[in-house]
Amino acid sequence: MTPSQASVPAFSLQALRAAQPLLWTRPDGGAADTGVPFGLADVQAAHDRFTRFAPLLAQLFPELEASAGVIESPLRQAAAMQQALGLAPDGGRLWIKADHALPVAGSIKARGGIHEVLEFAEKLAWAQGLVAPGDDYRKLATPAARACFAQYQVAVGSTGNLGLSIGVIASALGFRAAVHMSADAKEWKKARLRARGVEVVEHPGDYEKAVAAGRRQVQADARGYFVDDERSPSLFLGYAAAALRLRDQIAQAGIVVDAEHPLFVYLPCGVGGAPGGIAFGLSLLYGAHAHCFFAEPVQSPCFLLRMMAGHGQLPGVPVPPSVYDIGLTNQTEADGLAVPRASDLAYAAVGQSLAGVYTVADDALYGDLARLHDSEGLRIEPSAAAGFSGPRHLLDSPAGQQWLRQRGLLPHLTRATHLAWTTGGLYVPAEEYDRFLSRGQRLAAAPQAPTDAPSFHLSRRA
(Lines give C-alpha, C1' and ligand atoms only; values in the text may rest on other atoms or scores of the structure.)
Protein backbone atom coordinates (compact mmCIF):
# COMPACT_ATOMS: atom_id res chain seq x y z
CA MET A 1 0.00 0.00 0.00
CA THR A 2 1.05 3.62 -0.60
CA PRO A 3 1.26 6.24 2.18
CA SER A 4 -2.20 7.58 1.39
CA GLN A 5 -3.57 4.03 1.57
CA ALA A 6 -2.78 3.66 5.26
CA SER A 7 -5.90 2.51 7.08
CA VAL A 8 -8.16 5.27 8.23
CA PRO A 9 -8.87 5.78 11.95
CA ALA A 10 -12.34 5.09 13.27
CA PHE A 11 -14.64 8.05 12.72
CA SER A 12 -14.98 10.48 15.61
CA LEU A 13 -15.44 14.21 16.05
CA GLN A 14 -12.06 14.28 17.80
CA ALA A 15 -10.35 12.77 14.76
CA LEU A 16 -12.23 15.18 12.47
CA ARG A 17 -11.03 18.15 14.54
CA ALA A 18 -7.51 16.74 14.31
CA ALA A 19 -7.73 16.85 10.49
CA GLN A 20 -7.28 13.09 10.06
CA PRO A 21 -8.50 11.45 6.82
CA LEU A 22 -11.84 9.82 7.64
CA LEU A 23 -14.86 8.16 6.10
CA TRP A 24 -18.32 9.10 7.39
CA THR A 25 -21.32 7.17 6.12
CA ARG A 26 -24.89 8.34 6.34
CA PRO A 27 -26.86 6.50 9.01
CA ASP A 28 -30.33 5.25 8.18
CA GLY A 29 -33.02 7.71 9.26
CA GLY A 30 -32.57 10.51 11.74
CA ALA A 31 -32.48 13.50 9.37
CA ALA A 32 -35.33 15.78 8.39
CA ASP A 33 -36.89 15.28 4.97
CA THR A 34 -35.49 18.34 3.20
CA GLY A 35 -36.46 17.83 -0.44
CA VAL A 36 -36.08 20.15 -3.42
CA PRO A 37 -38.68 21.82 -5.66
CA PHE A 38 -37.51 20.18 -8.88
CA GLY A 39 -37.11 16.76 -10.43
CA LEU A 40 -36.19 14.84 -13.57
CA ALA A 41 -38.20 17.13 -15.86
CA ASP A 42 -36.11 20.10 -14.69
CA VAL A 43 -32.89 18.17 -15.27
CA GLN A 44 -34.08 17.31 -18.76
CA ALA A 45 -34.91 20.97 -19.39
CA ALA A 46 -31.32 21.94 -18.54
CA HIS A 47 -30.04 19.26 -20.90
CA ASP A 48 -32.34 20.56 -23.65
CA ARG A 49 -31.07 24.12 -23.12
CA PHE A 50 -27.52 22.96 -23.77
CA THR A 51 -28.81 21.34 -26.97
CA ARG A 52 -30.51 24.56 -28.17
CA PHE A 53 -27.32 26.54 -27.62
CA ALA A 54 -24.98 23.95 -29.18
CA PRO A 55 -24.80 25.58 -32.65
CA LEU A 56 -23.95 28.95 -31.09
CA LEU A 57 -21.34 27.40 -28.79
CA ALA A 58 -19.68 25.69 -31.76
CA GLN A 59 -19.47 29.09 -33.45
CA LEU A 60 -18.09 30.89 -30.40
CA PHE A 61 -15.53 28.25 -29.38
CA PRO A 62 -13.41 26.55 -32.07
CA GLU A 63 -12.66 23.66 -29.69
CA LEU A 64 -16.35 22.68 -29.90
CA GLU A 65 -16.56 22.41 -33.68
CA ALA A 66 -15.80 18.67 -33.70
CA SER A 67 -18.53 17.96 -31.13
CA ALA A 68 -21.06 20.27 -32.84
CA GLY A 69 -21.19 22.45 -29.73
CA VAL A 70 -21.61 19.69 -27.14
CA ILE A 71 -19.57 20.28 -23.98
CA GLU A 72 -18.77 16.81 -22.66
CA SER A 73 -15.92 14.73 -21.27
CA PRO A 74 -14.98 11.10 -21.90
CA LEU A 75 -15.73 8.15 -19.66
CA ARG A 76 -12.68 5.89 -19.60
CA GLN A 77 -11.63 2.75 -17.82
CA ALA A 78 -8.50 3.16 -15.72
CA ALA A 79 -6.95 -0.28 -15.25
CA ALA A 80 -3.42 1.11 -14.93
CA MET A 81 -4.50 3.63 -12.26
CA GLN A 82 -6.37 0.87 -10.44
CA GLN A 83 -3.15 -1.10 -10.27
CA ALA A 84 -1.17 1.99 -9.21
CA LEU A 85 -3.62 2.54 -6.35
CA GLY A 86 -3.22 -1.07 -5.23
CA LEU A 87 -6.93 -1.81 -5.63
CA ALA A 88 -7.58 -5.53 -5.96
CA PRO A 89 -9.42 -6.54 -9.16
CA ASP A 90 -11.99 -8.53 -7.19
CA GLY A 91 -13.27 -5.25 -5.76
CA GLY A 92 -14.64 -4.05 -9.09
CA ARG A 93 -13.32 -1.90 -11.93
CA LEU A 94 -12.09 1.67 -11.73
CA TRP A 95 -13.34 4.22 -14.28
CA ILE A 96 -12.73 7.93 -14.67
CA LYS A 97 -15.25 10.59 -15.66
CA ALA A 98 -12.75 13.04 -17.09
CA ASP A 99 -14.29 16.45 -16.40
CA HIS A 100 -10.77 17.82 -15.99
CA ALA A 101 -10.76 17.76 -19.80
CA LEU A 102 -14.08 19.56 -20.35
CA PRO A 103 -13.57 22.06 -23.17
CA VAL A 104 -14.15 25.82 -22.89
CA ALA A 105 -13.63 26.09 -19.12
CA GLY A 106 -11.39 23.10 -18.37
CA SER A 107 -13.28 21.93 -15.30
CA ILE A 108 -16.53 20.48 -14.00
CA LYS A 109 -17.71 24.07 -13.51
CA ALA A 110 -18.26 24.27 -17.26
CA ARG A 111 -21.51 22.40 -16.62
CA GLY A 112 -23.31 24.53 -14.05
CA GLY A 113 -21.62 27.84 -14.77
CA ILE A 114 -22.18 27.80 -18.49
CA HIS A 115 -25.75 26.55 -18.06
CA GLU A 116 -26.71 29.43 -15.79
CA VAL A 117 -25.29 32.10 -18.10
CA LEU A 118 -27.04 30.45 -21.06
CA GLU A 119 -30.33 30.44 -19.17
CA PHE A 120 -29.94 34.13 -18.30
CA ALA A 121 -29.05 34.97 -21.91
CA GLU A 122 -32.01 32.96 -23.20
CA LYS A 123 -34.48 34.78 -20.97
CA LEU A 124 -33.12 38.14 -22.04
CA ALA A 125 -33.15 37.12 -25.70
CA TRP A 126 -36.77 35.97 -25.52
CA ALA A 127 -37.81 39.14 -23.68
CA GLN A 128 -36.06 41.37 -26.21
CA GLY A 129 -37.33 39.44 -29.24
CA LEU A 130 -33.84 38.39 -30.29
CA VAL A 131 -34.91 34.75 -30.67
CA ALA A 132 -38.12 32.78 -30.49
CA PRO A 133 -38.69 29.11 -29.65
CA GLY A 134 -37.40 26.98 -32.51
CA ASP A 135 -34.99 29.64 -33.80
CA ASP A 136 -31.32 29.05 -34.60
CA TYR A 137 -29.52 30.43 -31.56
CA ARG A 138 -26.61 31.54 -33.70
CA LYS A 139 -28.65 34.73 -33.99
CA LEU A 140 -27.27 35.57 -30.54
CA ALA A 141 -23.83 36.13 -32.04
CA THR A 142 -25.08 39.08 -34.11
CA PRO A 143 -24.07 42.69 -33.25
CA ALA A 144 -27.65 43.46 -32.14
CA ALA A 145 -27.67 40.60 -29.63
CA ARG A 146 -24.22 41.42 -28.30
CA ALA A 147 -25.20 45.07 -27.89
CA CYS A 148 -28.18 43.96 -25.81
CA PHE A 149 -26.08 41.66 -23.62
CA ALA A 150 -23.40 44.34 -23.16
CA GLN A 151 -25.89 46.37 -21.11
CA TYR A 152 -25.79 43.70 -18.40
CA GLN A 153 -23.12 42.56 -15.98
CA VAL A 154 -22.75 38.92 -14.98
CA ALA A 155 -20.81 38.42 -11.75
CA VAL A 156 -19.83 35.52 -9.50
CA GLY A 157 -17.83 34.84 -6.34
CA SER A 158 -15.31 32.03 -6.78
CA THR A 159 -12.05 30.44 -5.72
CA GLY A 160 -11.21 29.87 -9.36
CA ASN A 161 -12.88 27.28 -11.59
CA LEU A 162 -16.46 28.56 -11.37
CA GLY A 163 -15.14 32.04 -12.04
CA LEU A 164 -13.36 30.75 -15.13
CA SER A 165 -16.50 29.14 -16.53
CA ILE A 166 -18.71 32.16 -15.83
CA GLY A 167 -16.17 34.65 -17.08
CA VAL A 168 -15.40 32.77 -20.29
CA ILE A 169 -19.00 32.19 -21.40
CA ALA A 170 -20.29 35.60 -20.26
CA SER A 171 -17.56 37.49 -22.10
CA ALA A 172 -17.99 35.31 -25.21
CA LEU A 173 -21.68 36.25 -25.37
CA GLY A 174 -20.92 39.93 -24.90
CA PHE A 175 -21.85 40.47 -21.26
CA ARG A 176 -19.76 42.60 -18.93
CA ALA A 177 -18.23 39.95 -16.67
CA ALA A 178 -16.80 40.26 -13.17
CA VAL A 179 -15.36 37.53 -10.96
CA HIS A 180 -14.90 38.14 -7.24
CA MET A 181 -12.05 35.92 -6.10
CA SER A 182 -10.83 34.94 -2.66
CA ALA A 183 -7.25 35.22 -1.52
CA ASP A 184 -6.59 31.51 -2.09
CA ALA A 185 -7.43 31.64 -5.81
CA LYS A 186 -4.53 30.72 -8.10
CA GLU A 187 -2.76 33.53 -9.93
CA TRP A 188 -2.90 31.76 -13.29
CA LYS A 189 -6.69 31.59 -13.07
CA LYS A 190 -6.86 35.34 -12.46
CA ALA A 191 -4.53 35.93 -15.41
CA ARG A 192 -6.60 33.71 -17.71
CA LEU A 193 -9.76 35.63 -16.84
CA ARG A 194 -8.14 39.02 -17.39
CA ALA A 195 -6.89 37.84 -20.78
CA ARG A 196 -10.55 37.25 -21.71
CA GLY A 197 -11.50 40.80 -20.73
CA VAL A 198 -13.09 39.73 -17.45
CA GLU A 199 -12.85 42.06 -14.46
CA VAL A 200 -11.18 40.25 -11.54
CA VAL A 201 -11.99 41.69 -8.12
CA GLU A 202 -9.75 40.30 -5.38
CA HIS A 203 -10.87 40.07 -1.76
CA PRO A 204 -8.97 39.24 1.42
CA GLY A 205 -10.35 36.22 3.22
CA ASP A 206 -11.93 33.02 1.98
CA TYR A 207 -14.51 31.88 -0.55
CA GLU A 208 -17.47 32.84 1.65
CA LYS A 209 -16.29 36.45 1.89
CA ALA A 210 -15.71 36.71 -1.88
CA VAL A 211 -19.24 35.46 -2.56
CA ALA A 212 -20.75 37.92 -0.07
CA ALA A 213 -18.81 40.83 -1.56
CA GLY A 214 -19.84 39.95 -5.10
CA ARG A 215 -23.47 39.56 -4.08
CA ARG A 216 -23.47 43.03 -2.43
CA GLN A 217 -21.97 44.70 -5.50
CA VAL A 218 -24.47 43.20 -7.93
CA GLN A 219 -27.42 44.09 -5.71
CA ALA A 220 -26.47 47.74 -6.29
CA ASP A 221 -26.50 47.30 -10.09
CA ALA A 222 -29.97 47.47 -11.71
CA ARG A 223 -28.63 45.46 -14.65
CA GLY A 224 -26.44 43.11 -12.70
CA TYR A 225 -26.89 39.35 -12.50
CA PHE A 226 -25.15 37.38 -9.76
CA VAL A 227 -24.44 33.68 -10.15
CA ASP A 228 -24.81 32.40 -6.60
CA ASP A 229 -22.86 29.19 -6.09
CA GLU A 230 -24.47 28.67 -2.69
CA ARG A 231 -28.13 29.06 -3.71
CA SER A 232 -28.62 28.75 -7.46
CA PRO A 233 -31.06 26.16 -8.86
CA SER A 234 -29.82 26.92 -12.40
CA LEU A 235 -26.23 26.06 -11.52
CA PHE A 236 -27.41 22.94 -9.73
CA LEU A 237 -29.50 21.72 -12.66
CA GLY A 238 -26.66 22.36 -15.10
CA TYR A 239 -24.56 19.95 -13.08
CA ALA A 240 -27.44 17.49 -12.74
CA ALA A 241 -27.78 17.31 -16.52
CA ALA A 242 -24.40 15.54 -16.57
CA ALA A 243 -26.18 12.44 -15.26
CA LEU A 244 -28.19 12.14 -18.49
CA ARG A 245 -25.04 12.21 -20.60
CA LEU A 246 -23.27 9.81 -18.26
CA ARG A 247 -26.18 7.37 -18.51
CA ASP A 248 -25.62 7.21 -22.28
CA GLN A 249 -21.86 6.76 -21.86
CA ILE A 250 -22.38 4.01 -19.28
CA ALA A 251 -24.67 2.16 -21.66
CA GLN A 252 -22.23 2.56 -24.56
CA ALA A 253 -19.41 1.18 -22.38
CA GLY A 254 -21.48 -1.92 -21.54
CA ILE A 255 -21.59 -1.08 -17.84
CA VAL A 256 -24.57 -2.49 -15.97
CA VAL A 257 -25.97 -0.66 -12.94
CA ASP A 258 -28.41 -2.61 -10.78
CA ALA A 259 -28.60 -4.36 -7.42
CA GLU A 260 -25.90 -6.88 -8.39
CA HIS A 261 -23.77 -4.31 -10.23
CA PRO A 262 -23.44 -1.36 -7.85
CA LEU A 263 -22.09 1.99 -9.01
CA PHE A 264 -19.84 3.88 -6.58
CA VAL A 265 -19.18 7.50 -7.55
CA TYR A 266 -16.51 9.66 -5.87
CA LEU A 267 -16.98 13.41 -6.28
CA PRO A 268 -14.64 16.18 -5.05
CA CYS A 269 -16.72 18.67 -3.05
CA GLY A 270 -16.38 22.38 -2.32
CA VAL A 271 -19.63 24.18 -1.51
CA GLY A 272 -21.51 21.16 -2.85
CA GLY A 273 -23.29 22.48 -5.95
CA ALA A 274 -21.42 20.48 -8.59
CA PRO A 275 -21.23 17.13 -6.76
CA GLY A 276 -24.71 17.70 -5.35
CA GLY A 277 -26.21 18.23 -8.78
CA ILE A 278 -24.50 15.18 -10.22
CA ALA A 279 -25.44 12.99 -7.25
CA PHE A 280 -29.03 14.25 -7.48
CA GLY A 281 -29.21 13.39 -11.17
CA LEU A 282 -27.71 9.94 -10.66
CA SER A 283 -30.14 9.25 -7.83
CA LEU A 284 -33.06 10.11 -10.14
CA LEU A 285 -31.73 7.74 -12.81
CA TYR A 286 -30.38 4.82 -10.80
CA GLY A 287 -32.04 5.09 -7.41
CA ALA A 288 -30.45 3.00 -4.67
CA HIS A 289 -27.99 1.36 -7.08
CA ALA A 290 -25.83 4.52 -7.38
CA HIS A 291 -23.82 5.21 -4.22
CA CYS A 292 -22.29 8.70 -4.24
CA PHE A 293 -19.52 9.80 -1.89
CA PHE A 294 -18.23 13.36 -1.58
CA ALA A 295 -14.49 13.99 -1.09
CA GLU A 296 -13.28 16.98 0.93
CA PRO A 297 -9.92 18.26 2.25
CA VAL A 298 -9.22 17.44 5.88
CA GLN A 299 -9.25 21.17 6.71
CA SER A 300 -12.41 21.97 4.71
CA PRO A 301 -15.03 19.24 5.33
CA CYS A 302 -18.01 21.61 5.09
CA PHE A 303 -20.45 19.13 3.56
CA LEU A 304 -19.48 16.43 6.01
CA LEU A 305 -20.30 18.80 8.87
CA ARG A 306 -23.64 19.69 7.29
CA MET A 307 -24.54 16.02 6.97
CA MET A 308 -23.51 15.36 10.55
CA ALA A 309 -25.55 18.32 11.79
CA GLY A 310 -28.58 16.98 9.92
CA HIS A 311 -28.25 13.75 11.89
CA GLY A 312 -27.77 15.45 15.27
CA GLN A 313 -24.10 14.50 15.45
CA LEU A 314 -22.72 18.00 16.13
CA PRO A 315 -24.06 18.98 19.55
CA GLY A 316 -23.32 22.58 20.50
CA VAL A 317 -22.30 23.59 16.97
CA PRO A 318 -24.43 26.19 15.10
CA VAL A 319 -26.50 25.02 12.14
CA PRO A 320 -25.55 25.36 9.35
CA PRO A 321 -22.05 24.64 10.63
CA SER A 322 -18.77 26.09 9.42
CA VAL A 323 -15.41 24.32 9.47
CA TYR A 324 -14.19 27.15 11.70
CA ASP A 325 -16.76 26.08 14.32
CA ILE A 326 -14.75 22.92 15.04
CA GLY A 327 -11.32 24.56 14.94
CA LEU A 328 -10.28 23.76 11.37
CA THR A 329 -8.42 26.28 9.20
CA ASN A 330 -10.03 25.90 5.74
CA GLN A 331 -6.47 26.01 4.37
CA THR A 332 -5.72 23.51 1.60
CA GLU A 333 -3.83 23.22 -1.66
CA ALA A 334 -7.13 22.15 -3.23
CA ASP A 335 -8.24 25.75 -3.80
CA GLY A 336 -11.56 24.86 -5.40
CA LEU A 337 -12.52 22.81 -2.34
CA ALA A 338 -11.57 25.45 0.26
CA VAL A 339 -15.10 26.28 1.41
CA PRO A 340 -16.11 26.76 5.07
CA ARG A 341 -19.88 26.22 4.82
CA ALA A 342 -21.96 23.94 2.57
CA SER A 343 -24.74 24.98 0.19
CA ASP A 344 -28.17 24.61 1.78
CA LEU A 345 -29.62 23.86 -1.66
CA ALA A 346 -27.19 21.01 -2.28
CA TYR A 347 -27.81 19.60 1.18
CA ALA A 348 -31.57 19.77 0.67
CA ALA A 349 -31.21 17.87 -2.60
CA VAL A 350 -28.90 15.04 -1.54
CA GLY A 351 -29.00 14.94 2.26
CA GLN A 352 -31.31 11.93 2.15
CA SER A 353 -29.49 9.99 -0.57
CA LEU A 354 -25.75 10.68 -0.27
CA ALA A 355 -23.92 7.52 0.81
CA GLY A 356 -21.15 9.30 2.69
CA VAL A 357 -18.33 11.82 2.80
CA TYR A 358 -14.63 11.21 3.25
CA THR A 359 -11.72 13.57 3.87
CA VAL A 360 -8.35 13.65 2.13
CA ALA A 361 -4.99 15.12 3.14
CA ASP A 362 -3.22 17.37 0.66
CA ASP A 363 -0.33 14.93 0.41
CA ALA A 364 -2.75 12.23 -0.78
CA LEU A 365 -4.05 14.56 -3.48
CA TYR A 366 -0.55 15.17 -4.81
CA GLY A 367 0.39 11.50 -4.62
CA ASP A 368 -2.66 10.45 -6.63
CA LEU A 369 -2.10 13.28 -9.11
CA ALA A 370 1.33 11.78 -9.80
CA ARG A 371 0.01 8.22 -9.99
CA LEU A 372 -2.59 9.28 -12.52
CA HIS A 373 0.06 10.98 -14.64
CA ASP A 374 2.42 8.01 -14.50
CA SER A 375 -0.23 5.34 -15.05
CA GLU A 376 -2.76 6.92 -17.42
CA GLY A 377 -0.93 9.97 -18.77
CA LEU A 378 -3.63 12.36 -17.49
CA ARG A 379 -2.92 15.86 -16.15
CA ILE A 380 -5.18 17.15 -13.39
CA GLU A 381 -4.97 19.73 -10.62
CA PRO A 382 -4.70 18.60 -6.95
CA SER A 383 -8.36 19.09 -6.04
CA ALA A 384 -9.36 16.88 -8.98
CA ALA A 385 -7.47 13.94 -7.45
CA ALA A 386 -9.75 13.74 -4.41
CA GLY A 387 -11.93 11.06 -5.97
CA PHE A 388 -9.14 8.51 -6.11
CA SER A 389 -9.04 8.13 -2.32
CA GLY A 390 -12.65 6.96 -2.40
CA PRO A 391 -12.17 3.28 -3.26
CA ARG A 392 -9.45 2.99 -0.60
CA HIS A 393 -11.74 4.47 2.04
CA LEU A 394 -14.57 2.21 1.01
CA LEU A 395 -12.70 -1.05 0.46
CA ASP A 396 -9.76 -0.82 2.87
CA SER A 397 -11.17 0.82 6.00
CA PRO A 398 -13.24 -0.60 8.86
CA ALA A 399 -15.87 2.10 8.30
CA GLY A 400 -16.14 1.21 4.61
CA GLN A 401 -16.30 -2.50 5.32
CA GLN A 402 -19.03 -2.01 7.88
CA TRP A 403 -21.11 0.12 5.50
CA LEU A 404 -20.74 -2.41 2.66
CA ARG A 405 -21.70 -5.24 4.96
CA GLN A 406 -24.75 -3.45 6.36
CA ARG A 407 -26.07 -2.77 2.86
CA GLY A 408 -25.44 -6.27 1.59
CA LEU A 409 -22.95 -5.11 -1.04
CA LEU A 410 -19.97 -7.31 -0.19
CA PRO A 411 -21.09 -10.22 -2.42
CA HIS A 412 -21.45 -7.89 -5.42
CA LEU A 413 -18.12 -6.08 -5.32
CA THR A 414 -16.54 -8.13 -8.09
CA ARG A 415 -19.19 -6.70 -10.43
CA ALA A 416 -18.98 -3.16 -9.07
CA THR A 417 -18.01 0.00 -10.95
CA HIS A 418 -15.96 2.64 -9.12
CA LEU A 419 -16.15 6.02 -10.85
CA ALA A 420 -13.70 8.75 -9.85
CA TRP A 421 -14.85 12.14 -11.14
CA THR A 422 -11.89 14.36 -12.06
CA THR A 423 -12.90 18.00 -11.87
CA GLY A 424 -10.21 20.34 -13.24
CA GLY A 425 -6.77 20.75 -14.72
CA LEU A 426 -7.00 21.20 -18.50
CA TYR A 427 -5.67 24.76 -18.46
CA VAL A 428 -3.15 24.53 -15.62
CA PRO A 429 0.08 26.17 -16.91
CA ALA A 430 2.89 23.70 -17.64
CA GLU A 431 5.24 25.16 -15.03
CA GLU A 432 2.52 24.99 -12.37
CA TYR A 433 1.68 21.40 -13.24
CA ASP A 434 5.36 20.41 -13.19
CA ARG A 435 5.51 21.61 -9.58
CA PHE A 436 2.42 19.56 -8.75
CA LEU A 437 3.90 16.48 -10.39
CA SER A 438 7.31 16.81 -8.77
CA ARG A 439 5.77 17.05 -5.30
CA GLY A 440 3.39 14.19 -6.03
CA GLN A 441 6.08 11.87 -7.31
CA ARG A 442 8.15 12.43 -4.18
CA LEU A 443 5.15 11.59 -2.02
CA ALA A 444 4.12 8.58 -4.09
CA ALA A 445 7.63 7.13 -3.73
CA ALA A 446 7.81 7.66 0.05
CA PRO A 447 7.74 4.61 2.34
CA GLN A 448 4.42 3.68 3.86
CA ALA A 449 3.54 5.48 7.07
CA PRO A 450 3.19 3.13 10.05
CA THR A 451 -0.30 2.40 11.25
CA ASP A 452 -1.77 0.37 14.07
CA ALA A 453 -5.14 0.00 12.39
CA PRO A 454 -5.95 -3.25 10.58
CA SER A 455 -5.92 -3.26 6.79
CA PHE A 456 -8.82 -4.79 4.90
CA HIS A 457 -8.05 -6.21 1.47
CA LEU A 458 -10.68 -7.70 -0.77
CA SER A 459 -8.49 -10.73 -1.38
CA ARG A 460 -8.57 -11.51 2.35
CA ARG A 461 -12.33 -11.43 2.68
CA ALA A 462 -14.13 -14.56 3.65
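Arginine 192 lies over the face of tyrosine 427, 3.8 Å from the ring centre. A charge counts as over a ring if NZ of Lys or CZ of Arg is within 6 Å of the ring centre and within 35 degrees of the ring normal. The model is predicted: local features need pLDDT of at least 70, side-chain atom pairs count only at pLDDT 80 or more, and totals for chains, interfaces and linings use all residues. Residues are numbered from 1 along each chain as its sequence is written, and side-chain values use heavy atoms, with hydrogens and water left out.

**Charge over ring**
- Arginine 439 has its charged end over the ring of tyrosine 366, at 4.0 Å from the centre.

**Nonpolar cores**
- A nonpolar core is a set of buried Ala, Val, Leu, Ile, Met, Phe, Trp, Tyr and Cys residues joined through side-chain atoms within 4.5 Å.
- Buried means under 20% relative accessible area, exposed over 50%, and partly exposed in between (1.4 Å probe, protein chains only).
- The largest core holds 134 residues, and Phe175 and Phe303 have the most contacts inside it.
- A second, separate core has 20 residues, including Ala295, Ala364, Leu409 and Ala416.
- Leaving out residues up to four places away in sequence, phenylalanine 303 touches Cys269, Phe294, Glu296 and Tyr347, among others. Contact means heavy atoms within 4.5 Å.

**Aromatic pairs**
- Rings of Phe, Tyr and Trp (its six-membered ring) pair if their centres lie within 6.5 Å; planes under 30 degrees apart count as stacked, over 60 as edge-to-face and the rest as tilted.
- The count by this rule is 14 aromatic pairs.
- Phenylalanine 38 and phenylalanine 236 form a tilted pair, because their ring centres are 5.6 Å apart and their planes stand at 40°.
- This pair links distant parts of the chain, 198 residues apart: phenylalanine 38 is in the loop between strand S1 (23-25) and helix H2 (40-60), and phenylalanine 236 is in helix H9 (residues 233-240). Helices (H or I, at least four residues) and strands (E, at least two) are DSSP runs, numbered from the N terminus.
- Phenylalanine 38 is buried at 12% relative accessible area, and phenylalanine 236 is buried at 2%.
- Tyrosine 266 and phenylalanine 293 are stacked, because their ring centres are 6.0 Å apart and their planes lie at 25°.
- Tyrosine 266 is in strand S8 (residues 263-268) and phenylalanine 293 in strand S9 (residues 290-297), 27 residues apart. Both residues are buried.
- One aromatic cluster is formed by Phe120, Phe149, Tyr152, Phe175 and Tyr225.

**Serine 234**
- Serine 234 is in helix H9 and is buried, at 10% relative accessibility.
- Beyond its neighbours within four places in sequence, serine 234 contacts His115, Glu116 and Glu119.
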